[in-house]
Structures are given as structure tokens and as C-alpha cells.
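Hi,

Here is the structure I promised to pass on. Please open it first; my notes follow below.

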Amino acid sequence: MGLGILKDGKWIPERDQEDTEGKFIRPSTTFRDKITADGSSKFKAEPGRYHLYISWACPWACRTAILRELKGLQDVISMSVVGAEIKDNSWEFTDEPGAIPDTVNNAQYLWQIYLKADPNYSGRVTVPVLWDKQTSTIVNNESREIIRILDTEFNDFAHQDVDFYPKHLQDKIDETIDKIYQPINNGVYRAGFATSQTAYDEAVTELFTALEHWEKLLETQRYLCGAQITEADWCMFTTLFRFDAVYYVHFKCNINRIIDYPNLWNYLKDLYQYPGVKATCNLDHIKRHYYKSHPKVNPTRIVPKGPNIDFEAPHNRDTVGAS
Ligand SMILES: N[C@@H](CCC(=O)N[C@@H](CS)C(=O)NCC(=O)O)C(=O)O
């Protein structure tokens with residue numbers, strides 16, 4: 001059993017690994033439309049029109065759940081949550097704790113949603129998915145674009161004072177999201193899914209070089225782009241939150257743990273304790289997903305008991321960068 005794929009509208013339970021010389025290459029996503037506040041795209045921001053499909057396990061999907069929560073869009077954009085494990089039919093709607101069934105399309109498997117949007121679809125079936133109930137299609141399945149849509153286009157229906165993409169920091173936020181993507185967000189996957197020593201060595205070295213860089217920077221500023229919390233921090237958060245419980249062991253990212261870096265660890269607790277974030281953090285789904293869904297990486301599919309990590313412990317970040 002491995003990860004499946006849709007080919008010309010047909011579900012194939014096992015796909016060839018996308019790799020070259022043992023390197024994991026993440027293919028780009030295919031639904032890239034935008035929702036706009038003024039309706040200048042075909043998709044106008046309206047309450048009740050859109051639905052978000054996520055997994056609590058997935059760091060990309062959880063970014064979008066965080067933005068939905070923190071912008072106060074829970075009653076504006078509805079949401080389904082798939083079960084933790086990827087099996088022969090990939091992401092599935094189940095009745096396990098934490099999952100939320102698909103009441104919009106009544107699908108059993110996420111690939112059915114992709115086929116509803118495009119009956120001949122070929123490609124990976126990934127979360128997150130932003131769905132338009134009005135035209136019955138997928139608007140977008142790229143987390144970075146979905147968070148931007150939620151952050152900037154739904155302001156008529158969102159908390160008024162919450163903006164993670166403030167005008168004066170926009171270039172810096174985009175640069176930072178770019179900068180952490182390859183070495184950190186995707187870096188843990190490049191290390192974990194590498195099938196050659198060289199590819200693994202390269203990924204893990206880049207990952208820890210990047211972590212050291214941010215560790216140093218966070219000595220003097222509270223957040224990645226300065227004193228203000230932004231989208232870039234939420235992009236970093238979902239990777240750091242999974243790190244010690246999953247990536248350190250399962251993906252062999254074991255040079256250091258996040259709790260070994262004083263600034264990154266306090267920063268992680270700071271973000272976790274931001275009001276609303278906890279509701280999007282489900283370590284049970286996270287651990288079961290990773291350890292049970294990648295039999296090539298963990299053939300016994302045993303889920304480790306630990307580690308115990310106290311994300312509620314006090315942090316020192318309110319004093320950092322205060323002049
Ligand atoms: N670039 C995408 C990546 C999404 C992605 O790869 N999601 C993973 C879960 S962590 C997935 O659904 N994988 C299923 C598969 O590859 O078949 C994004 O940021 O939204």
C-alpha cells in the first residue's frame with residue numbers, strides 16, 4: 001500500500017514515487033482560482049458559499065484551518081475534516097473523533113470531490129481543498145493561496161481587527177514564506193521521503209541550517225517578520241508543531257529537537273497559545289497519520305507513545321524585541 005493518484009478520472013491506489021536520484025519533488029497543485037471581495041474573479045466572497053476540506057494531520061491544511069479560526073470565519077466558511085489515516089482510497093471521511101463528515105457533497109473519499117470538480121482529473125488528491133457550493137467546483141487547493149484568500153478577501157465578514165498581511169510588511173511576508181518553504185516546510189518531507197543517502201543528507205543539512213538561522217533571528221524579534229504576527233508565522237507554526245512528535249523520529253530530522261532551541265521553542269509555545277490556535281492542533285490525528293500512512297517509512301505502522309511536550313508551559317516572548 002502506498003499513496004494513490006487519479007488518472008483520467010480513475011482512482012489508482014498506488015502511484016510511482018515522484019523522485020529523481022532519491023529526491024522527493026513535490027508536484028504543484030492544479031486548482032488555482034481566487035475568491036475576491038469584489039467578485040472580479042468568477043468567485044465572489046460570500047457567506048455560506050464556500051467549504052473547506054482539511055485534515056488535522058496535514059501541516060498545509062492546518063494553515064487554512066488556523067486562518068479560518070483566527071479571522072472568525074467559522075460561520076462563513078463551513079468545514080469538513082477527513083480521518084487521520086491515508087489508506088487504499090487515500091483521504092476518507094470517517095466517524096472517528098476529530099473527523100467531520102462531508103455534508104456538502106456526501107462523499108466517502110476525497111478523490112470523489114476532485115472528480116466532481118473535473119470528471120477527467122489526473123493528479124494527486126491533496127488537502128486542503130476550497131470548494132464552491134454554488135458552481136460545484138474546487139476553487140483552489142494550494143494552502144498558501146487559500147490562507148491569503150481567507151486573510152484578505154473575506155474582511156466584510158471577518159473579525160475587523162485581525163490582519164496577518166498588513167500593507168507595510170507584504171513584501172517581507174511573501175519573501176519569508178518563500179524562504180521557509182523549501183528548507184523547512186517541505187524540507188522535513190524531503191528528508192523523510194528521500195530514498196538516497198545523498199538526498200537525505202542534503203535535505204536534513206538545509207533544514208537545520210535554516211532552523212539555526214531563524215533561531216538566531218528570533219533572539220531579537222518576536223515573530224519572523226518583526227514585531228507583528230503574520231501569515232509567515234502560521235506557515236512556520238504547523239511545521240514546528242509536528243517536529244518533535246513526528247519529524248524528529250519518523251522523518252529522521254534528528255539533529256536537534258525544537259525544544260533544544262530556546263528561541264524557536266518559546267516562539268512555538270507563543271503561537272500555540274495564541275487564542276484560537278489550540279482548536280486546530282490535534283496530535284492524535286497527526287501521529288496516527290504520519291506513522292500509519294507511510295508504510296515505506298514505517299513498515300510496522302506502530303505509533304510511538306511519546307514524547308510528552310508541554311505546549312502550555314509559559315514562554316518569554318512578550319519581552320523579546322521590546323525596546
Ligand atoms: N502544495 C500543497 C500541498 C498539499 C499536500 O501535499 N497535502 C498532503 C497532506 S500533508 C496530501 O494531501 N497528500 C496526499 C497525497 O499526496 O496523495 C499545499 O500547500 O496545499
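In which crossing, left-handed or right-handed, does α4 pass α7? The crossing is left-handed, meaning that the near helix is turned anticlockwise from the far one by less than a right angle (clockwise would be right-handed).

First, the basis. This is a predicted model: local features need pLDDT of at least 70, side-chain atom pairs count only at pLDDT 80 or more, and totals for chains, interfaces and linings use all residues. Residues are numbered from 1 along each chain as its sequence is written, and side-chain values use heavy atoms, with hydrogens and water left out.

**The helix pair**

Helices (H or I, at least four residues) and strands (E, at least two) are DSSP runs, numbered from the N terminus. Helix α4 covers residues 170–185 and helix α7 residues 231–247. They pack at an angle of about 15°, with axes 9 Å apart. Axes are lines fitted to C-alpha atoms, for helices over the stretch in contact, and angles run from 0 to 180 degrees between N-to-C directions. α4 and α7 are therefore roughly parallel (angles under 35 degrees).

**The sheet**

Four strands form an open, mixed sheet in the order β8-β7-β9-β10. Two strands pair if DSSP finds at least two bridges between them. The edge strands, β8 (78–81) and β10 (137–140), each pair on one side only. β9 (residues 129–132) and β10 run antiparallel, joined by three bridges. Leu130 has Asn140 of β10 as its bridge partner.

Helix α2 (residues 110–117) lies across β7, β9 and β10, at about 45° to β9.

Best wishes

Definitions and conventions. Contact means heavy atoms within 4.5 Å. Angles under 35 degrees count as roughly parallel, over 145 as roughly antiparallel, 65 to 115 as roughly perpendicular and the rest as oblique.
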